[in-house]
Amino acid sequence: MNLIVELRQYTLHPGARETLIELFEREFVTGQEAVGITLGGRFRDLDDPHRFVWLRAFPDMAARRRALEAFYGGPVWRAHRDVANATMVDSDDVLLLRGPGFLPPRGVHEVLATVCHPDPTGFDAYAARHLGPAHALHRTEHAENDFPALPVRTGEDVRLWFGPVDAPPPGPFRQLRLEPVTG
């Protein structure tokens, strides 16, 4: 399935990550699902105690806009936005992607995510050799962000996948060691 996916990486105030996770799991999961947003994995960054990483998905850009308008204009966000925003230093590190989404299997304690800025001539061959369906490969969605109240990173071309590989990717990359949040 080819969805519009947001990879959201939040930098939080020291000591605020568990406050946001508890609020997120209690209020924001069902609040977003109620307006048609598909929630993917939610994670603690194992290498940075001040980071919360999560994914959400939409069938297409028009559905994304409608769902975000409904959620951010709705009662759940209004009731809890001040507490959520008080935990955050930065919530604008967002990649807009196209791919299958990702939800880690139950019982997994660590997930490796790779964000690669690939060599455009070599990545498809690399992916064919080293990435399979379980890696949930995502590519940058270059459509205009039609919900500008929530910025996304632009001007870059990335590939994102989950799980280890046996060879380094062709191009600069960053790996995230992530601990799934179990709701």
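Okay, let's start with D93, which is buried, with a relative accessible area of 15%. Keep in mind that we're looking at a predicted model.

So who does D93 pair with? Its side chain meets the side chain of R153 in a salt bridge, 2.5 Å from N to O. This pair links distant parts of the chain: D93 sits in strand β4, R153 sits in the loop between β6 and β7, and they're 60 residues apart.

Now look at E141 and R98, which form another salt bridge, with the closest N and O atoms 2.7 Å apart. Again, distant parts get linked: E141 is in the loop between β6 and β7, R98 is in strand β4, and 43 residues separate them. E141 is buried at 15%, while R98 is partly exposed at 29%.

How many salt bridges are there by this rule? The count comes to 20. There's also a network of them joining E6, R8, R56, R64, R65, E69 and D146.

Next, Q9, over in strand β1. Buried or exposed? Q9 is buried, with a relative accessible area of 0%. Its side chain makes a polar contact with the side chain of R174, at 3.0 Å. Q9 also touches our opening pair, D93 and R153, among others.

Last stop, the second largest pocket. It holds about 200 Å³ of space and is lined by 16 residues, with Y10, Y72, W77, N85 and L150 nearest its centre. Helix α1 gives the largest share of that lining, 4 residues. By type, the lining splits into 11 nonpolar, 3 polar and 2 charged.

Definitions and conventions
Residues numbered from 1 in each chain as written. Predicted model: local features only at pLDDT ≥ 70, side-chain atom pairs only at ≥ 80, totals over all residues. Heavy atoms only, no water. 1 Å grid on protein atoms, 1.4 Å probe; cavity = no way out; pocket = protein on both sides within 12 Å on 5 of 7 lines; lining within 4 Å. Points joined across faces, edges and corners; volume = space filled by probe spheres on them. Helix = DSSP H or I, 4+ residues; strand = E, 2+ residues; numbered from the N terminus. Nonpolar A, V, L, I, M, F, W, Y, C, P; charged D, E, K, R; others polar. Buried < 20%, exposed > 50% of the residue type's maximum accessible area, 1.4 Å probe, protein only. Polar contact = N/O pair within 3.5 Å; in protein donor to acceptor, adjacent residues only side chain to side chain. Contact = heavy atoms within 4.5 Å. Salt bridge = Lys/Arg side-chain N within 4 Å of Asp/Glu carboxyl O. Lists of a residue's contacts leave out its neighbours within four places in sequence.
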